[in-house]
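Subject: Structure handover

Hello,

Please find the structure below, with the sequence. My notes on it follow.

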Amino acid sequence: MKKVLRIFKENKQFTLFFILGLVVIGVAIFAPQLSPYDPLDAVMTESLQEPSSAHPFGTDKLGRDLLSRVIFGTRTSLIMTLCLVAVIFVIGTFLGVIAGYFGGIVDAVIMRIADMMISFPGLVLAIAIAGMLGPNLVNAVISIAAVSWTKYARLARSMVLKVKKSLYIEAAVVNGTKTWKILLVHVLPNMVTQMVVTAAADIGTMMLELASLSFLGFGATAPTPEWGLMLNEGRTYMAKAPWLMIYPGIAIVICVVVFNMLGDSIRDVLDPRQD
Amino acid sequence: MFKESDIVLSAKHIVKQFPASGGRTLTACNDVNLNVYKGKTLGIVGESGCGKSTFVRMVISLDKPTSGEILYHGKNLSNLSKKETWLNRQNMQMVFQDPLASFDPKMKIVDILTEPLINYGKLKRSEKEAKARELLKMVELPGDFVDRYPHNMSGGQRQRISIARALSLEPEILVCDEATSALDVSVQESVIQLLVRLQKEKNISMLFICHDLALIRSFAHQIAVMYLGNIVEVIPGEDVAEKSLHPYTQALLGAQFSIHMDQNKKIESIESEAPSPLDVPHGCPFQNRCEHCMEKCKTIRPVLTEVESGHEVACHYVTEK
């Protein structure tokens, strides 16, 4: 406990963004308590109202309260992003470790598939996949995962190649350690820190990619409160009701900045060189 | 002293070649023949890069020889199935040169020491700590070390942990790859004493790689001198100072520093570099550095010939004299 407190004290930047990150997560969890209205409740008589004391962020074209929709949007964005990062982290690491440790044909097959994925522009390929699967939140996660796992696979592979050469892996072989146990007990723990740091720094980027996909109409579908989708809906009324784009936009910026900075400061805290 | 029936491990005509750039081959071991006897120590000395480590890597089944066979109680190690190789690892364990690098940095001593036994299902998880303490006691370390991490220990302590781990499976053969060269001279001796004591207690055969002839002759029963992938002389350990015959062995002895040495006498270093293992000369491997080099040495490779019981030399000059 003392050790944890010390980490917080010594890393001011980390502490700040850790708290801000918790606030964002708190907003997502307590969305029903925080939002003044039901985000799906359309009141046609109050459509496109300017920000006022009754509706601090104004209302959209169906008269739904924008503040409530932005708050609930945190939920959608956060859950999707965390799922996405978890999926690519697990799949990428798994494939990378297998490729790096066993080498040979397994390595060649996995890494050539990864190269293929990388040779396409990421978002375009994601749009193509999402377009084929049909627009919804799960498919958006799947399509971005399909193009993003390669980064983790490559990183994991290079880390494994480094760890594999070390003497303690050889010693473990001589000790009669079975291959799967070497991978789980000796290889993974010695590379996972770097992987986690990368994943933490990726949360912001992934959030942005998911929002882009929704904005382009391949992610969330109406009436789900989702920032990217809200931006798209507001686009038509940009001149008449600019708050429809301003507030979801600000929400995206804040979230991405908070998680990017959090990822950065986690990197500083867990700096593998200090081990 | 060395009986046929006591042979535990025998290497027969071991050749190990690695492909190198430009279609060349690197010959690390060239027709190595050695026997390891029950409860005895075989020391292998030689310069860096002469193939010592490659040879022991084949002995402990981390590599396979290009040709030739390594027989453990008559079983050829390269013909074993995966399962048999795994089972056979219990009989041969290894102590590495750099103890710190041979431990997983994320593991505590208790896990490091008991890993081999757990791998072979010989230890219950609940008995781990007791067994680790017992092993620590065997290598004369305090039992409280179980909760330490290897980077919090000194070099000598780490090497003791390494020895304890290697002996936890009670192997018949212990391979030490320059196990003392990373240690301080004062610590070297105590580690060697420990190894010798454990060898006597458990009747283990040792294969000890070293480049310090003075150190190894103090405890090895047999010394094999290796040069450029060839064994040039095999000699009982106590005879090395007086009876060694091969010019290379004598050159190694001449290059030895000693506290009692004559300050006025020049230290003999060996002239010129060893030839590259990519381009092994015909005939005797030592020809370009040997003062007794004859015409014959440049064409015919000398083979090990017995000059005395337990003493073999591969040198035309010696055998013709």
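Which residue follows helix 10 of chain A, with a phi that is positive? The residue is A:Gly217, and its phi is near 90°. Helices here (H or I, at least four residues) and strands (E, at least two) are DSSP runs, numbered from the N terminus.

Two points on conventions before the rest. The model is predicted, so local features need pLDDT of at least 70 and side-chain atom pairs count only at pLDDT 80 or more, while totals for chains, interfaces and linings use all residues. Residues are numbered from 1 along each chain as its sequence is written, and chains are lettered from A and ligands numbered from 1 in the order in which they are written.

Chain A

Chain A has 12 helices and 0 strands. Its C-alpha trace spans about 75 × 50 × 25 Å along the principal axes. The mean pLDDT (the predictor's confidence in each residue, from 0 to 100) is 89 for chain A, with 98% of its residues at 70 or more. Within chain A, confidence is lowest in helix 1 (residues 2-10), at a mean of 81, and highest in helix 4 (residues 66-102), at 93. Where pLDDT is low, the predicted coordinates should not be read in detail.

Helix 10 (residues 192-215) of chain A has 24 residues and reaches 34 Å from its first C-alpha to its last, close to the 34 Å expected at 1.5 Å a residue; the expected span is 1.5 Å times one less than the number of residues. Helix 10 of chain A also bends by about 40° at A:Ile203, the bend being the angle between axes fitted to the seven residues ending there and the seven starting there. In the loop between helix 10 and helix 11 (227-235) of chain A lies A:Pro223. The peptide bond from A:Ala222 to A:Pro223 is cis, with omega near 5°.

Chain B

Chain B has an open sheet of 4 strands in the order 2-1-4-5, with antiparallel pairing; two strands pair if DSSP finds at least two bridges between them. Its edge strands, each pairing on one side only, are strand 2 (25-37) and strand 5 (75-76). Strand 4 (residues 67-72) and strand 5 of chain B are joined by 2 bridges, and B:Leu71 has B:Asn76 as its bridge partner. B:His13, in strand 1 of chain B, is not a glycine but has a positive phi of about 50°.

An open sheet of 8 strands in chain B has the order 6-7-8-3-9-10-12-11 and mixed pairing. Strand 6 (92-95) and strand 11 (305-308) of chain B are its edges. Strand 10 (residues 230-236) and strand 12 (residues 311-313) of chain B run antiparallel and are joined by 2 bridges; B:Glu233 is paired with B:Val313 in strand 12.

The contact between the chains

How many residues does each chain bring to the contact? Chain A gives 13 residues and chain B gives 19 residues, where two residues are in contact if their C-beta atoms, placed from the backbone, lie within 7 Å. On the side of chain A, helix 8 (residues 167-174) supplies the largest share, 6 residues. That side divides into 6 nonpolar, 6 polar and 1 charged. Ala, Val, Leu, Ile, Met, Phe, Trp, Tyr, Cys and Pro count as nonpolar, Asp, Glu, Lys and Arg as charged, and the others, Gly among them, as polar.

Regards
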